[in-house]
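Reader: I am new to this structure and would like to learn how to read its charged side chains. Where do we begin?

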Amino acid sequence: METRIAIQGIKGSFHHQVAEEVFTAPTSLDECMSFESLVSSLKENKTDKGVMALENSIAGSIIPNYALIDNNDLHIIGEYYLDIHMNLMATKGQKIEDLREVHSHPIALLQCAVFFKQYPHIKLVESADTAETARRIKEGNLLRIGAVASPIAAKMYNLEVLASGIHTVKSNKTRFVIVKTQNKELPKEEINKASIKFELDDTPGSLATVLNVMNNCKLNLTKIQSMPIIETPFQYSFFVDVVFAKYKHYEKAKKILELMTTHFKVLGEYKNGKL
């Protein structure tokens, strides 16, 4: 039986590459042009699992996606770190000097900002997806327009790579999470990472106290992301990732944190991906 996977973007995108590498069983893809439509695909039962980028080592956290996971009660059931290779590509026969515009996803353009400072004549234009831009250039045989996308997109849409590896920091990784509408995926003994969310009263030292509890329970904090609570100005939700050697240590911390914090929520329990 096929696993139905929702990805942001189209075939040739980095999300497609992750889906190919994570899911070895036969899969069918639902190509979603926004993260909101990816969530809808899952909630409407069109797909079983979704692939969602959450943070990049250069551009940082994709904060709206934290809110999407939280607000739609999705569960993180796994994670995958992908080495990102950004390439400038265009219709065959062109040179960089011929280009007037380069289109790509805003995060991709941000990752390549230093490279494009060498070419002030090129206008950078944001688009919905890296691979979708490459496909549009191919289908329209567009001239003077380039795309920033993956090597697989260049091959898939028969474009010429004018410059490879144009991202600013050569160690460029994106953390993708696998999301689902239910959290039952792994037995406890295989789980060594969790994503949680909580809110705190506006009292001095409250966050420090929470962090001490995590430390005392042998949890290693790998990520903390604050997000403003719109209804209550200058108060924040905290999204936290922790890794642990034993599930019982995490379970103990979870029971304490449920008492110490407000709106405590487990966003996912899964196996730590490899950097």
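Author: Begin with E132, which is buried, its relative accessible area being 18%. Keep in mind that this is a predicted model.

Reader: Why does E132 count as buried?

Author: Buried means under 20% relative accessible area. E132 has 18%, so the residue counts as buried.

Reader: Which side chain does E132 meet in a salt bridge?

Author: The general idea comes first. Side chains of opposite charge can pair when their charged atoms come close. Here E132 pairs with R136, with 3.7 Å from N to O. R136 is partly exposed, at a relative accessible area of 30%.

Reader: Where do R136 and E132 lie?

Author: Helix α6, residues 130-140, holds both R136 and E132. They are four residues apart, which is about one turn of the helix.

Reader: How many salt bridges does the structure hold?

Author: There are 16 salt bridges in the structure. One of them joins D70 to K265, whose closest N and O atoms are 2.8 Å apart.

Reader: Is D70 buried or exposed?

Author: D70 counts as buried, with 8% relative accessibility.

Reader: What about E199 and K197: how are their side chains linked?

Author: A salt bridge joins E199 and K197, at 3.7 Å from N to O. E199 counts as buried at 13% relative accessibility, and K197 is buried as well, with a relative accessible area of 9%.

Reader: Which residues are linked in a network of salt bridges?

Author: The network links E55, E79, R175, K193, K223 and D241. To read it, look for these six names in the structure and follow the salt bridges that connect them.

Reader: Which residues gather in a patch of positive charge on the surface?

Author: K218, K246, K248 and K252 form that patch. For a patch, residues need over 30% relative accessible area and no salt bridge. Take K252 as a case: this residue is exposed, with a relative accessible area of 53%. Exposed means over 50%, so K252 passes that mark.

Terms used. Residues are numbered from 1 along each chain as its sequence is written. This is a predicted model: local features need pLDDT of at least 70, side-chain atom pairs count only at pLDDT 80 or more; totals for chains, interfaces and linings use all residues. Side-chain values use heavy atoms; hydrogens and water are left out. A salt bridge is a side-chain nitrogen of Lys or Arg within 4 Å of a carboxyl oxygen of Asp or Glu. Buried means under 20% relative accessible area, exposed over 50%, partly exposed in between (1.4 Å probe, protein chains only). Helices (H or I, at least four residues) and strands (E, at least two) are DSSP runs, numbered from the N terminus. Patches are made of residues with over 30% relative accessible area and no salt bridge: like charges are joined within 9 Å, nonpolar side chains (Val, Leu, Ile, Met, Phe, Trp, Tyr) within 5 Å. Accessible areas come from the Shrake-Rupley method with a 1.4 Å probe; for residues, only the protein chains shown count as cover. Lys and Arg count as positive and Asp and Glu as negative; His and the chain ends are not counted. The place of a charge is taken as NZ of Lys, CZ of Arg, CG of Asp or CD of Glu.
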